[in-house]
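Please keep the sequence and structure in view.

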Amino acid sequence: MELRITDVRALKGDSAFLIDSGKTAVLCDTGFAFTGYRIADNIKAVLGERNLDYIFLTHSHYDHAAATPYIKKRFPKTQVVASEYAQGIFAKPTAKAVMRSLDRKVAQAEGVTEYEDLFDDLSADITVKDGDIIQAGDMCFTCVSLPGHTRCSVGYYLRSEKLLVGCESLGVFDGESTVVPSYLIGVKEVLASINKVRAMDIENILLPHYGLLDKEKTAKYLRLAKESAEDTFREIADLLRQGKSREDCVEYFKNKFYKGYIKTIYPIDAMLLNTGITVDLIAKEIGM
């Protein structure tokens, strides 16, 4: 099978990559709400008059899922796939309020002050759990639960191509030598998810916010992901044991990771929010 993988993001901070077999098209994540119609235009430019068959969501965060209703409005026959846990998140008004607020902050930073609000339409048509199969035309994907970044994080494994659609539990890659650990639920869960993927027969990973990794870079990424997750946990834990404040630890994390390509894809408000959660999580895990 010959696949065409296209970056259809409107901004680098979006996460939206199209997998097209020539017969069936699958969008992996959808990006920000305010870029939704622009991403739909990019998809249309690739597919022409063909339909977008599926949207696979890796988790429920706004930069990965908020554009879903906008794209579905343009491609109404599309089936949205997400984990059962993500569907529960989408049903919560409080969760949508957080997504809406964060999305608007990024939009304003990009000079967009008004856009259609479709957050209430965010939902999945198909919910999946670990091991479930999605037969997307001639592509057969196995859903792989990968908690750690969120409880709803999931990957999609195309065994015939040895390809994994990854998620942020594995870490955010700059394409060179930096992987930002993304544990918001648990360090052990992140390491378990990384080890789970390393044990699979995979040659390529399609990463949110980055794109397709070749075989050599896939192996490098998975090695760096494990090392970074372990090292960063130890470093933050040591700072906390030394009596450093939460703010000190957030600043340490920011100085270590928030630069280069990572800075272009990671909105500052989300980075500070997530890093604070990470520091609190590590403090709890070491009993402080």
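## An edge-to-face tyrosine pair

Y258 is buried, at 13% relative accessible area (buried means under 20%, exposed over 50%, partly exposed in between; 1.4 Å probe, protein chains only). Y266 is buried too, at 18%.

## Basis of the model

The model is predicted: local features need pLDDT of at least 70, side-chain atom pairs count only at pLDDT 80 or more, and totals for chains, interfaces and linings use all residues. Residues are numbered from 1 along each chain as its sequence is written, and side-chain values use heavy atoms, with hydrogens and water left out.

## Aromatic pairs

The count is twelve aromatic pairs. Rings of Phe, Tyr and Trp (its six-membered ring) pair if their centres lie within 6.5 Å; planes under 30 degrees apart are stacked, over 60 edge-to-face, and the rest tilted.

The F56 and F141 ring centres are 5.0 Å apart, with planes at 90°, so this pair is edge-to-face. F56 belongs to strand β4 (residues 54-56) and F141 to strand β8, so the contact ties together parts 85 residues apart in sequence. Strands (E, at least two residues) are DSSP runs, numbered from the N terminus. F56 is buried at 0% relative accessible area. F141 is likewise buried, at 0%.

Y258 and Y266 also pair edge-to-face, at 6.4 Å centre to centre and 70° between the planes. Elsewhere, ring pairs link F32, F34, Y62 and Y115 into a cluster.

Strand β9 (residues 154-158) has five of its five residues buried, so the rest of the structure largely encloses it. Both faces are covered. One side carries V154, Y156 and L158; the other carries G155 and Y157.

Strand β8 (residues 139-145) runs antiparallel to β9, joined by five bridges. Pairing requires at least two DSSP bridges between two strands. V144 stands opposite G155 of β9.

Strand β10 (residues 163-165) is also antiparallel to β9, with three bridges between them. Y156 has V165 of β10 as its bridge partner. β9 and β10 form a hairpin with four residues between them. In the turn, K162 has a positive phi of about 55°.

## Cysteines

How many disulfides are there? The count is zero, where a disulfide is a pair of cysteine sulfur atoms within 2.5 Å. The C140 sulfur lies 9.6 Å from its closest cysteine sulfur, that of C143, which is too far for a bond.

C140 is partly exposed, at 33% relative accessibility. C143 is buried, at 1%.
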